[in-house]
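The sequence and the structure come first, and the description follows.

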Amino acid sequence: MGTEKIPSSIVQFGVLDQVLNLARANSLWPMTFGLACCAIEMMSAGGSRFDLARFGAEVFRPSPRQCDVMIVAGTITHKMAPAVKTLYDQMSEPKWVIAMGNCAISGGPFKFEGNYSVVEGADQFLPVDVYIPGCPPRPEALIEGLLTLEEKITGKRRWPRRDAGKQGGAVHG
Amino acid sequence: MARIESTEQLLAQIVAREVTVSETKDKEGEVKKTETLVQGVSTVDYAKAGVNLDVLASTEHVVPIAEAMAENGFFVEAVTGVDWIKDDQMEVIYDYNRMDKEPCRVAVRVRIARSAPAIPTISSIHPGANWHERETHDFFGIKFQGHPDLSPILLPEDADFHPLLKDFKP
């Protein structure tokens, strides 16, 4: 889970590490962890219109042993939190966490003074790599989050960033 | 219409009608008697109330009403609670419904004491009320006597607080 500069494992492969990271980034297998409404957007992103399959991430595995990334999509209640932690612990390294939606980032609309049941953010007990704001975030936003995670893993972005506002939608890397 | 009337008669046999009469003086000094229903069945406007019949009952009527409803083809839609902290009472509301050519929706309200609230369970007659009563116990602390398993259904298993009480501080 380390960056390029910090050694993440005992055995260093050198250039092969970059190839391995590229391989990991291009086939991130998410775990089906839709807890609430963001799950609908996640399912929609896996569908045919927005299509996560072109990023290698269409394979949602129900078993944590077979996953790389846990997309926490939805509200985490106090009753559900031990289950989330158990599933995160069961995933094998290297693993990443994407907090999708406002509830997973900070408790979202359920963060108020009398809150008794919602854990205010997945980062209270999980190390989160990418935050995707939105309530719910659009499927394109989830794709952008996955591309950001890929950039974090490999150091390079798969597609250049599109600059909004320029005429004709100029593209620069 | 016939369904509503027949159900009203059926329930009126179980729940005896009680009213309290209060006297008020209006502007000319004339005494007016107003009757408020304390216990009994009343037909209400469906467009305003959402139910056809409103039944005010007490705890000993709960199981007979549930049995009568089950025999007549009604199912329980919801069991919920209300915290009337100013009256020092809690209220349990049962919604019964029957959806066929003559739909009829009945709301049964039962007032109980706020300290150590208890009411008999209807889960042996209507199994669907099992989880509703668990939820009501979870959020109000109302004990359903005879319920097989009143463990928390929405709150964590070790929760010892009841959030929907009006004086709950998290």
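In chain A, the charged end of A:Lys95 lies over the face of A:Tyr88, at 4.1 Å from the ring centre; a charge is taken to sit over a ring if NZ of Lys or CZ of Arg is within 6 Å of the ring centre and within 35 degrees of the ring normal. This is a predicted model, in which local features need pLDDT of at least 70 and side-chain atom pairs count only at pLDDT 80 or more, while totals for chains, interfaces and linings use all residues. Residues are numbered from 1 along each chain as its sequence is written, chains are lettered from A and ligands numbered from 1 in the order in which they are written, and side-chain values use heavy atoms, with hydrogens and water left out.

**Where the chains meet**

The contact between the chains, meaning heavy atoms within 4.5 Å, takes 6 residues from chain A and 11 residues from chain B. About 580 Å² is buried between chain A and chain B, and carbon and sulfur atoms give 67% of that area; buried area is the accessible area (1.4 Å probe) that two parts lose on being put together, summed over both. The count between the two chains is 1 salt bridge, and the side chains of B:Glu157 and A:Lys79 meet in a salt bridge at 3.9 Å, N to O. The term salt bridge stands for a side-chain nitrogen of Lys or Arg within 4 Å of a carboxyl oxygen of Asp or Glu.

**Aromatic rings**

Over all chains, a search of the whole structure finds 3 aromatic pairs, where rings of Phe, Tyr and Trp (its six-membered ring) pair if their centres lie within 6.5 Å, with planes under 30 degrees apart counted as stacked, over 60 as edge-to-face and the rest as tilted. One of them is the edge-to-face pair of A:Tyr116 and B:Phe161, at 6.4 Å centre to centre and 75° between the planes. This pair crosses between chains, from the loop between helix H4 (102-106) and strand E4 (130-132) of chain A to the segment after strand E8 (143-145) of chain B; helices (H or I, at least four residues) and strands (E, at least two) are DSSP runs, numbered from the N terminus. B:Phe161 is partly exposed at 25% relative accessible area, a term for values between buried (under 20%) and exposed (over 50%), with a 1.4 Å probe and protein chains only. The rings of B:Phe161 and B:Phe168 have centres 5.5 Å apart and planes at 20°, so this pair is stacked. Ring pairs thus link A:Tyr116, B:Phe161 and B:Phe168 into a cluster, in which B:Phe168 counts as buried at 19% relative accessibility.

**Salt bridges within the chains**

Side chains of opposite charge can pair when their charged atoms come close. The structure holds 16 salt bridges over all chains, among them these:

| Salt bridge | N to O distance |
|---|---|
| A:Glu140 and A:Arg138 | 2.8 Å |
| A:Glu150 and A:Arg158 | 3.0 Å |
| B:Asp83 and B:Arg114 | 2.6 Å |

The pair of B:Asp83, in strand E4 (residues 75-84) of chain B, and B:Arg114, in the loop between strand E6 (104-113) and strand E7 (118-120), links distant parts of the chain, 31 residues apart. Both B:Asp83 and B:Arg114 are buried. In chain A, A:Glu150 is buried with a relative accessible area of 4%, whereas A:Arg158 is partly exposed at 31%.
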